[in-house]
Amino acid sequence: SMTRLIIVRHAQSESNYAHFYAAATNINLTELGRKQAEETAKYLKDTHIDIAYSSNLVRVVQTAKPIVRGRNIPLIITDDLREINGGGFEGITYDEIYERHPYERYMWDNDIVNCYCPNGESFYDVYNRIAPTFDRIINDNRGKTVLIATHACPIRVMTNKFLGKPFSELNSTPWAGNASVTVVD
């Protein structure tokens, strides 16, 4: 039987709202983010889900919990689904990133395939960390419907893989928006 992944990006976080970089930092959802998480839960309320996995960062857990609330669905919280390690980008505004790390920020905007966060991860690093995690989740849950709550960078690299595109074409794969739902069979 078919395995289905329902991949959800976390809802709006305080860093999304305030335009500062907090990829690997624990940040709460905003009020709008909490509403988005509830709306995502409503959207998925009639969708059968066998098991759920969530990044251990609080904004993702806060997004996943409303989806599984009131259902008999195990929620496995793991650091294996965490966002890119932003290194020197962490905790500063996007304007400050342009000032302090102009080359890396240029690469982020124009050549994400070859981008790396100073003292953090590259997108190759994210792919090499996330792809085996997704493979393990799929292999452990054959024939099931699996919720995976995670972040923008993991979703982007995996969407690129699921579309059958080489990693070199990651620049053409769009970002997933806050509280978005991506379904992969």
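Leaving aside its neighbours within four places in sequence, which residues is Thr63 in contact with? The first legend answers this. The model is predicted; local features need pLDDT of at least 70, side-chain atom pairs count only at pLDDT 80 or more, and totals for chains, interfaces and linings use all residues. Residues are numbered from 1 along each chain as its sequence is written, and side-chain values use heavy atoms, with hydrogens and water left out.

**View 1. Thr63 and its surroundings.** Thr63 lies in helix α3. Helices here are DSSP runs of H or I with at least four residues, strands are runs of E with at least two, and both are numbered from the N terminus. Leaving aside neighbours within four places in sequence, Thr63 is in contact with Val8, Arg9, His10, Ala11, Leu29 and Ala37. Contact means heavy atoms within 4.5 Å. Thr63 is buried, at a relative accessible area of 0%. Buried means under 20% relative accessible area, exposed means over 50%, and partly exposed is in between, with a 1.4 Å probe and protein chains only.

**View 2. Helix α2 against helix α3.** Helix α2 spans residues 31-43, and helix α3 spans residues 58-68. They pack at an angle of about 35°, and their axes are 8 Å apart. Axes are lines fitted to C-alpha atoms, for helices over the stretch in contact; angles run from 0 to 180 degrees between N-to-C directions. The crossing of α2 and α3 is right-handed. That term applies if the near helix is turned clockwise from the far one by less than a right angle; anticlockwise makes a crossing left-handed. From α2 come Ala37, Glu38, Thr40 and Ala41, which meet Gln62, Thr63, Pro66 and Ile67 of α3. These contact residues divide into four nonpolar, three polar and one charged. Ala, Val, Leu, Ile, Met, Phe, Trp, Tyr, Cys and Pro count as nonpolar; Asp, Glu, Lys and Arg count as charged; the others, Gly among them, count as polar.

**View 3. The five-stranded sheet.** The sheet is open, with mixed pairing and the strand order β3-β2-β4-β1-β5. At its edges stand β3 (75-78) and β5 (181-184). Each has a single partner strand, so one side of each is left without a neighbour in the sheet. On average, neighbouring strands are turned by 20° against each other, direction ignored. Two strands pair if DSSP finds at least two bridges between them. Strand β2 (residues 51-55) pairs with β3 in the parallel sense over four bridges. Here Ser54 has Ile77 in β3 as its bridge partner.

**View 4. Strand β4 in the sheet.** Six of the six residues of β4 are buried, so β4 is largely enclosed by the rest of the structure. Thr145, Leu147 and Ala149 point one way, while Val146, Ile148 and Thr150 point the other way. Six bridges join β4 to β1, and the two strands run parallel. Leu5 has Val146 in β4 as its bridge partner. β2 also pairs with β4 in the parallel sense, over four bridges. There, Ile51 stands opposite Val146. Helix α7 (residues 152-162) lies across β1 (4-9), β4 (145-150) and β5, and runs at about 145° to β1.

**View 5. The nonpolar cores.** In soluble globular proteins, nonpolar side chains tend to be buried together. The largest nonpolar core here has 34 residues. A nonpolar core is a set of buried Ala, Val, Leu, Ile, Met, Phe, Trp, Tyr and Cys residues joined through side-chain atoms within 4.5 Å. Those with the most contacts inside this core are Leu5, Tyr21, Ile84, Trp108, Phe123, Phe134 and Ile148. The elements giving two or more residues are β1, β2, α5 (102-110), α6 (123-140), β4 and α7. α6 provides the largest share, seven residues. Leaving aside neighbours within four places in sequence, Phe134 is in contact with Leu5, Ile7, Leu81, Ile148, Met158 and Phe162. Another core lies apart, with 10 residues, among them Ile6, Leu44, Ile49 and Ile67.

View 6. Gly70 sits in the loop between α3 and β3. Gly70 counts as exposed, at 85% relative accessibility. Most residues other than glycine have a negative phi. His19, in the loop between α1 (14-18) and α2, has a positive phi near 60°. Ala179 has a positive phi near 65°. Ala179 is found in the loop between α7 and β5, and is buried, with a relative accessible area of 15%.
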